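I opened the model today and took notes as I went. The entries follow in the order I looked things up.

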Amino acid sequence: MNFDIDTFGLNESQRDAVLWETGPVLVLAGPGSGKTRVLTCRIARLIAASPDARFRVLGVTFTNKAAGEMRQRIDAMLVQGRDRVTLTTFHSFAAEILRQHGSHSGLSPDFSILTEQADREEVLTDAIKAVVTDDSDFIPKAGQLLPTITRMLDECVPVNQAETSLADTPHATEIAAIYKAYRERLIGVNQLDFASLLAIAVDLLESKPAIAKQCRRVYTHVCVDECQDTNSAQFRLLVQLVTEAAPNLFVVADDDQVLYQWNGASPDRLRELRDRYDMPVIQLPENYRCPPIVIQLANSLIAHNTDRSADKKPLTAHKPGVGSEGLIAQSFADFSGELSWIAKTISEKTPDERKGCVILARRKKLLDDAVQALTAQSVPAYIAVRKNEFESAPYRLLHATLRLANAPTDKEQLRRMTKAFFDLEGIKIEVQDVIPLASVSQEGYLRAWLQLASQRTEVSPVSRDLLEATSKSLAERMDYWKFIAAAHQWFEQIKNQPSGSMSQAAFQDFEDEQEIWTSLRADISQHYDVSELSLHNFLQELDLRAKEKPAPANAVRCLTIASSKGMEFKHVYVIGLVEDELPGYYARKAGDSSDEMREERRNCFVAITRAEESLTLTFSARYFGYGKAPSRFLKEMGFKLS
């Protein structure tokens with residue numbers, strides 16, 4: 001069978017990438033260059049061109065949203081062989097490895113994932129207490145020490161090298177011991193955070209070569225999106241999946257869009273990757289998104305970064321355009337005037353035009369003020385804020401109950417379930433009553449809680465039905481889909497109780513989170529057959545996904561530059577283009593040749609290349625009472641400032 005891929009709409013470089021045969025290749029893809037199409041066509045071609053083969057293709061990206069979009073495209077391209085493609089994130093793939101092989105590290109497959117800072121700090125507090133004595137001159141707070149522990153996990157620091165890695169850090173011996181205790185406690189309670197999820201998976205692959213070999217036998221082709229953003233743990237996970245002897249590694253990256261140095265990303269990693277695998281390079285410099293004037297600004301700006309690939313080609317504009325068409329640059333006396341002008345400008349657009357508008361800033365503080373200015377002009381606005389947990393009482397109850405069924409002695413989930421039930425039903429079941437009852441019956445906290453709740457005479461009939469359904473579906477048969485259906489039926493019954501009841505306030509944001517839940521379940525079902533999905537697997541995948549509220553259809557998006565990466569908008573407004581904002585204060589203090597300044601320049605590059613039709617750049621003489629100079633990036637883009 002020959003795979004007749006439609007290459008008519010591809011340019012020569014894109015076609016070269018899609019039709020690449022075997023061996024490693026690095027695709028340097030600039031913004032708006034069609035990289036997602038190239039990557040998905042490449043994966044589809046590998047499968048369709050080998051109908052009788054049994055190898056699988058692993059596609060790795062950074063967000064579940066990106067993985068889902070790629071999956072939809074590939075499903076539309078392939079008639080058969082879809083089951084030979086695994087599209088996932090680094091964290092989800094690490095979780096899969098640990099579900100299958102985590103017993104070598106002391107983990108059970110039903111491990112839970114800590115998504116909240118407070119939960120991680122609680123584990124770290126226990127680790128500190130185990131190491132630091134009361135008479136010590138070093139008694140750290142968990143919140144202060146957690147960033148150091150996270151960095152060590154991100155760098156996959158072995159426990160026996162922890163003290164050496166801390167070098168001249170004060171109290172290195174104690175911190176190394178706390179790091180060891182933290183890792184041991186996570187494994188001891190069968191819990192992982194996002195950082196340890198990767199670190200322990202890497203440890204496992206590096207210490208058990210047979211497991212890594214098995215992964216390589218299954219996934220003979222590995223394709224990676226946005227590879228420039230990998231931190232040390234992600235990079236080490238990747239190299240365990242691809243041998244240097246026979247590397248079928250297809251990497252899409254752009255060293256001009258490295259924005260996560262704070263999280264361990266580095267332009268050096270692409271150079272290391274090229275050297276390790278002796279990778280040929282295909283460049284995709286043609287930009288299909290931006291007006292030519294924006295491409296001109298972007299090229300002028302990024303040329304000031306000295307850490308780029310030596311052979312990097314400048315972007316070229318595919319769209320027609322002349323002069324400064326699509327560009328506005330405006331200065332103001334103060335930030336208030338800047339925002340008032342932007343809000344008025346956007347308010348004069350039609351509702352359909354507003355949907356294509358975005359306001360970008362380096363800091364959320366500027367965006368908060370932008371939302372206020374838009375609201376004053378009666379323009380709906382939205383700031384995306386990542387949420388790792390549900391917040392409405394119904395979904396807090398649902399999530400905590402599922403977690404408690406999976407981990408029967410998890411006191412935190414018992415507490416959360418009890419609190420949510422009180423918010424919804426007004427009946428308080430004391431945690432301190434549940435625990436001793438569970439100890440006597442030796443049947444877990446959920447059964448004990450259900451027993452106590454069922455004994456309360458004030459429980460309403462519809463709520464009593466839920467308790468009975470929970471007992472039958474979860475406590476007895478572990479049929480969690482039946483419980484989920486029963487819980488949703490209960491939500492619908494109680495949300496329409498008379499106004500002023502306790503449940504009304506508890507249902508705040510319920511509709512939004514219902515939409516989120518539906519979306520998350522659909523996303524997980526694209527990757528798994530949910531009828532065969534175990535509860536712990538479902539919960540792990542649920543915890544690996546953000547519970548972010550979708551933007552209202554008619555709202556103007558207000559985003560930090562980092563969160564806008566991978567997106568495009570018809571009309572882009574970049575605000576706060578002054579020193580100490582973009583670039584930020586610490587980059588300015590570090591100096592123009594510093595890594596910090598180069599990353600700030602990449603931030604600006606990413607911001608302006610989101611624009612499809614128009615780009616508006618604004619800056620003011622004063623912000624929050626302080627005088628500010630125009631950003632050096634304006635001059636580097638070619639603006640003449642007085």
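I looked up R396 first. At 24% relative accessibility, R396 counts as partly exposed; that class lies between buried, under 20% relative accessible area, and exposed, over 50%, with a 1.4 Å probe and protein chains only. This is a predicted model, where local features need pLDDT of at least 70, side-chain atom pairs count only at pLDDT 80 or more, and totals for chains, interfaces and linings use all residues. Residues are numbered from 1 along each chain as its sequence is written, and side-chain values use heavy atoms, with hydrogens and water left out.

R396 sits in helix α17, residues 393-406. Helices here are DSSP runs of H or I with at least four residues, strands are runs of E with at least two, and both are numbered from the N terminus. I then listed what R396 touches, leaving out residues up to four places away in sequence: F390, E391, K419, A420 and D423. Contact means heavy atoms within 4.5 Å. I also checked V385, eleven residues from R396 in sequence. The C-alpha atoms of R396 and V385 are 18 Å apart.

Next came Y179. I found Y179 in helix α8, residues 172-188. Is Y179 buried or exposed? Its relative accessibility is 0%, so Y179 counts as buried. Beyond residues up to four places away in sequence, Y179 touches I149, M152, L153, V157, P158, V159 and A162. D543 lies 364 residues from Y179 along the chain, and their C-alpha atoms are separated by 24 Å.

Then I turned to strand β1, residues 25-29. Five of its five residues are buried. I checked both faces of β1: V25, V27 and A29 are buried on one side, L26 and L28 on the other. Which strands pair with β1? Strand β7, residues 249-253, runs parallel to β1 and is joined to it by four bridges. Two strands pair if DSSP finds at least two bridges between them.

Four bridges join β15 to strand β12, residues 357-361, and the two run parallel. I359 stands opposite Y573 in β15. Strand β16, residues 611-620, runs parallel to β15 as well, with five bridges between them. V572 faces L615 of β16 across that pairing.

Last, I looked at the whole chain. I counted 28 helices and 18 strands. The radius of gyration is 27 Å, close to the 26 Å that the globule rule gives for 642 residues, so the chain is as compact as a globular protein of that length. That radius is taken over C-alpha atoms, and the rule is 2.2 Å times the number of residues to the power 0.38. The C-alpha atoms fill a box of roughly 80 × 65 × 60 Å along the principal axes. Buried residues make up 54% of the 642. Among contacts between residues at least 6 apart in sequence, 78% join residues at least 24 apart.
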